[in-house]
Amino acid sequence: MAGAALAVALAGCSPTNSSAAPPTVICGRTLSTSPAGAVVYRITGLHFDHRHPVTAPTVGGVVMVRVAAQCSLGSTVTVVPAGAFRTVERVRSPRGGLVAVVLKPLKSEPALLTARRNGKIVGWLKLQIAKGNIAH
């Protein structure tokens with residue numbers, strides 16, 4: 001009987017394990033707190049695969065894109081055509097350039113996001129959200 005009471009007492013003290021993802025934070029700014037975890041596309045750098053377009057939004061029905069490798073650097077971002085997405089959140093560097101953007105898809109049409117720094121392209125991302133993945 002005492003063994004059963006001890007087992008119950010110890011079970012109440014065990015650490016809780018969670019499969020929830022941590023918040024999505026870029027440069028100190030929280031972009032998502034969803035336990036499912038958000039997908040962030042990092043388009044700068046040598047290892048990003050540009051062959052496949054983004055066809056579905058992440059948690060919250062948005063597309064999150066990191067457009068600068070460091071928080072101190074920023075990029076100028078364009079999305080063409082402009083009417084395909086709406087920018088709902090921006091993370092800026094101390095110098096005012098963009099480090100990340102959160103885009104809400106408005107139409108199911110091909111679009112291209114381009115990030116530039118000092119006039120040079122530092123990253124790009126093809127976007128073609130499938131019609132069934134656009135929330136109205």
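These legends describe close-up views of a predicted model.

**View 1**

**View 1. Strand 6 is joined to strand 7.**
Strand 7 covers residues 98-105. The two strands run antiparallel. How many bridges join strand 6 to strand 7? There are seven. Look also for Arg92, which stands opposite Leu98 in strand 7.

**View 2. Cys27 and Cys71 form a disulfide.**
The sulfur atoms of Cys27 and Cys71 lie 1.9 Å apart. That pair counts as a disulfide because the cut-off is within 2.5 Å. A search of the whole structure finds one disulfide. The angle about the S-S bond is -95°, and the link is left-handed.

**View 3. The cysteine pair links distant parts of the chain.**
Cys27 sits in the loop between strand 1 (24-26) and strand 2 (29-32). Cys71 sits in the loop between strand 4 (63-66) and strand 5 (76-80). The two cysteines are 44 residues apart.

**View 4. Cys27 is partly exposed, and Cys71 is partly exposed.**
Cys27 has a relative accessibility of 31%. For Cys71, the relative accessible area is 33%. Why do these values count as partly exposed? Buried means under 20% and exposed means over 50%, so partly exposed is the class in between.

Terms used
Residues are numbered from 1 along each chain as its sequence is written. This is a predicted model: local features need pLDDT of at least 70, side-chain atom pairs count only at pLDDT 80 or more; totals for chains, interfaces and linings use all residues. Side-chain values use heavy atoms; hydrogens and water are left out. Two strands pair if DSSP finds at least two bridges between them. Helices (H or I, at least four residues) and strands (E, at least two) are DSSP runs, numbered from the N terminus. Buried means under 20% relative accessible area, exposed over 50%, partly exposed in between (1.4 Å probe, protein chains only).
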